[in-house]
Amino acid sequence: MNRKKRYKLIIGSMCLFVLILGGTSLAERKVINVWHTETNPLSRKAVANIVDRFEKLHPDIKVEAEALAWGDLEGKIMAALAAGSPPELSHGQPITCAALQAKGLLLPLDDVVKHIGEDNIWDQIKKVGKYGDHYFGLVHAAGTSLLIYRKDLAEKRGLKNPKTWKDLLHNAKELTIDTNKDGKTDIYGLTIPGDNLFINILLGELTKANGGILFDDKNRPQFTSKCMIEILEFLEELTKYLPPGWEGHGYRETFANMYGAKAAMMYQGYGRGASLIEQYAPKHMTNTDYFDVWIKPHGPSGTKPAAQVDEEPWMMFKGCKHPKEAIEFLKFFYQDDNYLEYIQTVPIHFFPVTKSLRRSTAYQETPMIKKWKGWLDVQEHYLDNDLVKPTLVIDWKDMTTKPYLMEILGSGILKDMVMEVTKENVPPRKATDKAQKRAEELIKDKGYAKW
Amino acid sequence: MKASSQKMGIILITPSVFLICALLVYPVLYGVWLSFFKKHSFFPDQRFVGLANYLYLLKDSEFWMSLWYGTYYSVSTIVLQIVVGLIAALILNEAFRGRNIVRGVVLFPYMIPTVVAIILWKWLLNNQFGLVNYLLLAVGIIDDPLSWMGKDHIMTSLIIISVWEFFPFVVLSVLARLQTIPPVLYEAAKVDGAGAWSRFIHVTLPQLRNVLFVVILLRSIWMFTKFDTVWLLTQGGGAEKYIRTLPVFAYMRTFMYYQAGLGSTLAVIMFGILIASTTIYFKMFRREEGI
C-alpha cells in the first residue's frame, strides 16, 4: 500500500468512526425543544444552568433551550404547528394558550402540577392555565403592571396616590415641570409606550378599572359603550402631559424617560424596570426614595383599580416528539433550588408561582427583593385581591369563552382607535364606531359572532 | 443525430425548468389561488369565496390608505435616490485626492444589514436623547426637539433612512456608466462653447438615459415592495399606522390577523399594480429612448 492510499484509508476510517459515534449519540439522546421569552443574559444563563443540571441527571435527554423576543414567539409557534413540528415546550401569552387549547393543540401539564402540589400554587396562577379539570398552561412567573412615579418630585408637590383618573390627571399636570423656567417643559407628567401590545394592555386595564367589558356574551365588541368613550376622553386629556412623540416610544424608551429624568410617572411600568433603574439611573437615585409605585386609579364608572398581569404559561404541544421528557424537565425546573435561580434573575418582576418558594428565606433574603419591597407589595396586593388579569381579559371566563383575543391584539384595531383620538383629533365616538366595525368584521371572519 | 441532440437539450434544461416552476411559477400561482379563499394562515380551515377578498379590499379604507402611503413612500424615495445618487456619482467621477476611499465609503450604507441600520437610525433620531436633534438644536435650526418617530415625522424619517440606505445602488450604476462616456464628447461640446451645465444637460444626461431607465425601473419595484426597512422602524409601534404601506398591510393581514387569503389578495394586487405600471413605463419611454 503506497503512502497516498494509506492516508486515504486513515481519513476514511476516521470519518466513518465520527459518523458512527455521532449517529449513535443522536440516536440515543432524546432532544426536547424549549422556547422561552426571557432574553436577558441573566435569565438565559439561569435557564442554561438548569438545563445543564437536568442533562447530568438525565444523560439520555438533550434540552435545546432558545430565548425568543416577545414579538417573534406567537408567529413562530403558529408556523411550527402548521409545519407539524412544534417544540415540546414554549412560553406564550395567556390568550394564545386559550386559543390553542380551544383548537385542541395543547397537551395537559397535570403531572407537573401534581408534582409541585396543586395546593402549593397560588390560586390566581391556576386561573391562567386550567381548563375544566386539566392544566394546559402553567405560568413560569407572574409580574403585574405598575404605576411608577418619582417619589421625590411628588412629595415636593404634596401629591398623593391618585384614587381616580381625575386625580391622576391632576398629578400628571402637577408633575409636568419646567425646571429651569425657560418656558419649556423639561419633565413630562407621564410616559406610556405607544407599542401595539402596550396600548392593548392599557385599554384592557382601563376597561376593567372603569367597570366595563370589551366583548359581550355573544362576542360582540363593546367599543362604542359609555365606558370606552370615557376611556378615550381620559386618554385625550392624559396625553397632553406625555412627551411629544410618545406614540413612537417603545417600552424601553419609556423607562429611559423615567431614569433619564424626562418623565415623572410611568403608567405601564413593570418590576423588571427596577433592574433598568439600577443600571442606568444616577447612583443616588436607584432606590424607592426616588422611584416608587402607586396603586393604579379607577375610572368614573368603576370602583376598583385594575392592572395587567404578565404571566406567560408554559405550554406543551400536541404532536411534539418527547412529551414525557418535557414533563420531567418542567418538574425539575419548578424544584425550589432551580426555580429560585431563575426567579432571582429578574426578582422584582418574577413572582414565584409556588407558595413554598415565595415564603422561603432564601427568596425573601434576596438583596433586590429587600430593596424594592414596596414594588413587590403592590404587586402582591393586586395578585391576592384579584385586581389583575392577562392582556385584554376582563373576566376570567374570557379565557375560555373568547379565543379570538389573540387576533384582536394582533390586528392593532384598539391601537389605531387610540391613535385616532389622541393624535388625529378624531372625536371618540367616531373612532369607536370605526373600531367597532373593524372588530365585528374580524370576529365574524373568525366564525365567533353569535349576535 | 439531430433527434439525439434535441433530446440531450431537453434533458439538460429539465432541471432548470423544474427549478423555475417550483420556485417561481408555483408560489405565484399558489398566491393567486389563495386569494380566492378565506383561509387561516396556519390552520387548515379554508373556504372558497371567489372575488370576495378583492371586493372587500376595494371597500376597505385601510387598503386605500396603505396604497397611498406605499405610493408616496416609493415615489419620494426613488426621486431622492436618483437625485442624491446622481450628484454623488458626478462628484465621484471627478479626480480628487482620496477619491478611491470615498468611493468605498459611499457604498457602506448599502452593505450594512437593514436591521443594524435601523437600530442605528432609531438612536440617532431619538427625540429625547438623539444626536440629530442635539445637532439641530445646537446650530439653532429648531427650537424644540422633533419627534422623528412620532406621527408627524415618521414618514420623513423613513424616507431619509431609505434614501441613505439605497442611494449607493444608483451611485454604483451611474458611476459605471459615467466612466465609459468618451471624453471626446465633452471636448467637442467645449469647442462649441458649452458650459458645465450645458455639458451635463446635453452630453451627460443623454448618455445616462439607458442606465437611468433600468435603475428607476428596478428601484421602483424594490421600493414599492419594500418591507424590512418600513416594518423594522416601528415594529407595530404607535406610529406604524402612519407608514403602513401595502407590504406591511399584507404582512399584518397574514401574520397578525391570520387571514392568509386577504394577505395573498393584497400581494396579488401589488403584483398587478407593478405589472401595470411597468408596462406603462416601458410604453412611455422605450419608444422614446429606443431601448
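Across all chains, the count of salt bridges comes to 39, where a salt bridge is a side-chain nitrogen of Lys or Arg within 4 Å of a carboxyl oxygen of Asp or Glu. Side chains of opposite charge can pair when their charged atoms come close. This is a predicted model, in which local features need pLDDT of at least 70 and side-chain atom pairs count only at pLDDT 80 or more, while totals for chains, interfaces and linings use all residues. To make your selections, note that residues are numbered from 1 along each chain as its sequence is written, that chains are lettered from A and ligands numbered from 1 in the order in which they are written, and that side-chain values use heavy atoms, with hydrogens and water left out.

**Stop 1: salt bridges in chain A**

Select Glu118(A) and Lys130(A), whose side chains meet in a salt bridge at 3.3 Å, N to O. Glu118(A) lies in the loop between helix H5 (110–116) and helix H6 (123–129) of chain A, and Lys130(A) lies in strand E5 (residues 130–131) of chain A, so the pair ties together parts that are twelve residues apart in sequence. Helices (H or I, at least four residues) and strands (E, at least two) are DSSP runs, numbered from the N terminus. Glu118(A) is partly exposed, with a relative accessible area of 35%, and Lys130(A) is also partly exposed, at 33%; here buried means under 20% relative accessible area, exposed means over 50%, and partly exposed is in between, with a 1.4 Å probe and protein chains only.

Next, select Lys240(A) and Glu237(A), which form a salt bridge with their closest N and O atoms 3.0 Å apart. Lys240(A) is exposed, with a relative accessible area of 53%, whereas Glu237(A) counts as partly exposed at 30%.

Then move to Glu380(A) and Arg358(A), whose side chains meet in a salt bridge at 3.6 Å, N to O. This pair links distant parts of the chain, with Glu380(A) in helix H18 (residues 373–384) of chain A and Arg358(A) in helix H15 (residues 355–359) of chain A, 22 residues apart. Glu380(A) is partly exposed, with a relative accessible area of 27%, while Arg358(A) counts as buried at 5%.

**Stop 2: covered places in chain A**

Select helix H4 (residues 94–102) of chain A, which is mostly covered, with seven of its nine residues buried. The buried residues in H4(A) include Pro94(A), Ile95(A), Cys97(A) and Leu100(A). Just after H4(A), look for Gly104(A), which takes a positive phi of about 70°.

Now go to Thr432(A), found in helix H22 (residues 428–446) of chain A. Thr432(A) is buried, with a relative accessible area of 0%. If residues up to four places away in sequence are not counted, Thr432(A) touches Phe223(A), Thr224(A), Met228(A), Ile229(A), Leu232(A) and Met417(A), contact meaning heavy atoms within 4.5 Å.

**Stop 3: a network and a helix pair**

Select Lys415(A), Asp416(A) and Arg438(A) together with Asp60(B), Glu62(B), Glu240(B), Arg244(B) and Arg253(B), which are linked in a network of salt bridges. Within this group, Asp60(B) is found in the loop between helix H2 (52–59) and H3 of chain B. Asp60(B) is buried, with a relative accessible area of 11%, and touches Phe249(B) and Arg253(B), not counting residues up to four places away in sequence.

From there, select helix H3 (residues 61–93) and helix H12 (residues 246–255) of chain B, whose axes come within 8 Å and cross at roughly 145°. The axes are lines fitted to C-alpha atoms, for helices over the stretch in contact, and the angles run from 0 to 180 degrees between N-to-C directions. Glu62(B), Phe63(B), Ser66(B) and Leu67(B) in H3(B) meet Leu246(B), Phe249(B) and Arg253(B) in H12(B).

**Stop 4: a buried threonine in chain B**

Select Thr265(B), whose place is in helix H13 (residues 260–289) of chain B. Thr265(B) is buried, with a relative accessible area of 0%, and touches Ser35(B), Asn53(B), Tyr54(B) and Leu57(B), again not counting residues up to four places away in sequence.
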